[in-house]
Amino acid sequence: NVSGLHDKNPLKYKNAKFIPRISHQGIYKMIKNVKYKPGQHFVLDQSAIKIIKEKKIKTYILGKNMKNLDNLLNNKRFIGTTVD
């Protein structure tokens with residue numbers, strides 16, 4: 001329900017900064033210290049990010065606007081975060 005990765009929850013904080021690109025190490029570092037609670041929402045869970053980092057999988061975090069997915073698949077400009 002967000003357009004991509006932010007430095008904090010944009011649904012709670014109006015001053016949250018959008019992160020259009022981040023390294024595998026950067027996203028791992030960002031969430032490895034997050035204390036998870038049942039029902040908590042985050043863009044990706046720690047297990048997924050650990051696999052993405054270890055395997056160096058290029059990942060895209062897109063919001064619910066399907067036009068962004070279409071643009072990504074057609075090598076057009078899109079709104080979202082690239083993890084690489």
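Analyst: Start with one term: two residues are in contact when heavy atoms of theirs lie within 4.5 Å. The model is predicted, so local features need a pLDDT of at least 70 and side-chain atom pairs count only at pLDDT 80 or more, while totals for chains, interfaces and linings use all residues. Residues are numbered from 1 along each chain as its sequence is written, and side-chain values use heavy atoms, with hydrogens and water left out.

Now the core. A nonpolar core is a set of buried Ala, Val, Leu, Ile, Met, Phe, Trp, Tyr and Cys residues joined through side-chain atoms within 4.5 Å. Buried means under 20% relative accessible area, exposed means over 50%, and partly exposed is in between (1.4 Å probe, protein chains only). The largest core has nine residues: Leu 5, Ile 19, Ile 22, Ile 27, Ile 31, Ile 49, Ile 52, Ile 61 and Val 83.

Zoom in on Ile 19. Set aside its neighbours within four places in sequence. Ile 19 then touches Leu 5, His 6, Asp 7, Met 30 and Thr 81. Leu 5 is a core member too.

Next, the setting. The protein has three helices and five strands. Helices (H or I, at least four residues) and strands (E, at least two) are DSSP runs, numbered from the N terminus. Their order is β-β-β-α-α-β-α-β. How many of the 84 residues count as buried, in percent? The share is 25%. Take contacts between residues at least 6 apart in sequence: 44% of them join residues at least 24 apart.

What about overall size? The radius of gyration is taken over C-alpha atoms, and the globule rule is 2.2 Å times the number of residues to the power 0.38. For 84 residues, a compact globule would be near 12 Å; the protein has 13 Å, which agrees. The C-alpha atoms fill a box of roughly 35 × 35 × 20 Å along the principal axes.

Most residues other than glycine have a negative phi. Lys 56 has a positive phi of about 55 degrees. Lys 56 sits in the loop between H2 and strand S4 (59-62). Lys 56 is exposed, at 63% relative accessible area. Asn 75 also has a positive phi, near 55 degrees. Its loop runs between helix H3 (66-73) and strand S5 (80-83). Asn 75 is exposed, at 74%.
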